[in-house]
Amino acid sequence: MAQSRHSAAQRRPSVLADNDTALRQQLVALLDGGNAHATFDAAIADFPAALRGVKPEIGEQAAPYSAWQLLEHLRIAQWDILEFSRNSRHISPEWPEGYWPRSAKPADPRAWNKSVQSFRADLQAVKDLVADPNTDLFARIPHGQGQTILREALLVADHNAYHVGQLVLLRKLLGAWKSE
């Protein structure tokens, strides 16, 4: 009996390491999107430039946001969460105005492309942070109010999925979504 307990105790660190690896892999997959949600890349793929600043009409009123506003909001919010997670000197934008662009339209196609590239780079940085075995997913962020990297990664995934869904809806309302 003592020998079987000893063997189980020896296996425990291996099980914990396997669980840690599995959790990190699942978080990265969640951040990538897909499964039950459209991905960011699918939502913005070949988005017609002429429609990026349009707020489609729904009944007698217009949608509250354009695709540009949603894209920029996604970028800004994700960047803010990432920087909060890794930089004790980070100062978040003012809520809510600092999280939304002033204009419904991008200044030019380069602005759209730059926002997309920045979103992707920051998403990769979040995934890298989560995947790094040296990152303690459960430790409180020292400069926070109880947040952990796990919580912040889940927040990014949740926030992104919500607004990517809005981008898909906008594309549908604008007649620019191709169902697969």
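Analyst: What follows takes the pockets, the cavity, the nonpolar core and the salt bridges in turn. This is a predicted model, in which local features need pLDDT of at least 70 and side-chain atom pairs count only at pLDDT 80 or more, while totals for chains, interfaces and linings use all residues. Residues are numbered from 1 along each chain as its sequence is written, and side-chain values use heavy atoms, with hydrogens and water left out.

User: What is the volume of the largest pocket, and which residues lie nearest its centre?

Analyst: The largest pocket holds about 270 Å³ of space. Its lining has 18 residues, and Leu31, Asp32, Gly33, Phe40 and Leu123 are those nearest the centre. A pocket here is an open set of points on a 1 Å grid over the protein atoms alone, where a 1.4 Å probe fits, with protein on both sides within 12 Å along at least five of seven lines; lining residues have an atom within 4 Å of a point. Grid points are joined across faces, edges and corners, and the volume is the space filled by probe spheres set on them.

User: Which helices supply that lining?

Analyst: Helix H1 (2–32), helix H2 (40–44), helix H4 (109–131) and helix H5 (149–173) each supply at least two residues. H4 gives the most, with five. Helices are DSSP runs of H or I with at least four residues, numbered from the N terminus.

User: How does the lining of the largest pocket divide by class?

Analyst: There are nine nonpolar, five polar and four charged residues in that lining. Ala, Val, Leu, Ile, Met, Phe, Trp, Tyr, Cys and Pro count as nonpolar, Asp, Glu, Lys and Arg as charged, and the others, Gly among them, as polar.

User: And what lines the second largest pocket?

Analyst: That pocket has 13 lining residues, with Ala77, Asp80, Ile81, Tyr99 and Leu155 nearest its centre. Helix H3 (67–86) and H5 are the elements that give two or more residues to this lining, and H3 gives the most, with five. The volume of the second largest pocket is about 190 Å³. By class, its lining has six nonpolar, four polar and three charged residues.

User: Changing topic: how many cavities of 30 Å³ or more does the search find?

Analyst: The search of the whole structure finds one; a cavity is a set of grid points where the probe fits but cannot get out. The largest cavity contains about 50 Å³ of space. Its lining residues are Ile81, Leu82, Ser85, Val126, Leu129, Val130, Ile149, Glu152, Ala153 and Val156. H3, H4 and H5 each give two or more residues to this lining, and H5 has the largest share, with four. Eight of the lining residues are nonpolar, one is polar and one is charged.

User: Which residues have the most contacts inside the largest nonpolar core?

Analyst: Leu31, Phe40, Trp112, Val130 and Leu167 do, in a core of 39 residues. Such a core is a set of buried Ala, Val, Leu, Ile, Met, Phe, Trp, Tyr and Cys residues joined through side-chain atoms within 4.5 Å. H1, H2, H3, H4 and H5 each give two or more residues to the core, and H3 has the largest share, with ten. In soluble globular proteins, nonpolar side chains tend to be buried together.

User: What does leucine 167 touch?

Analyst: Not counting residues up to four places away in sequence, leucine 167 touches Ala43, Ile44, Ala67, Leu70 and Leu74. Contact means heavy atoms within 4.5 Å.

User: Now the charges. How many salt bridges does the structure hold?

Analyst: It holds seven, each being a side-chain nitrogen of Lys or Arg within 4 Å of a carboxyl oxygen of Asp or Glu. In one of them, aspartate 32 pairs with lysine 127, the closest N and O atoms being 2.4 Å apart. Aspartate 32 is in helix H1 and lysine 127 in helix H4, so this pair ties together parts that are 95 residues apart in sequence.

User: Is lysine 127 buried or exposed?

Analyst: Lysine 127 is buried, at 13% relative accessible area, whereas aspartate 32 is partly exposed at 38%. Buried means under 20% relative accessible area, exposed over 50%, and partly exposed in between, with a 1.4 Å probe and protein chains only.

User: Which residue does arginine 86 meet in a salt bridge?

Analyst: Arginine 86 meets glutamate 83, at 2.6 Å from N to O. Both lie in helix H3, three residues apart, about one turn of the helix. Arginine 86 is partly exposed at 49%, and glutamate 83 is buried at 13%.

User: And arginine 151, what is its partner?

Analyst: Arginine 151 forms a salt bridge with glutamate 152, with 2.4 Å between the closest N and O atoms. Glutamate 152 is buried, with a relative accessible area of 5%, while arginine 151 counts as partly exposed at 44%. Glutamate 152 is also one of the residues that line the largest cavity.
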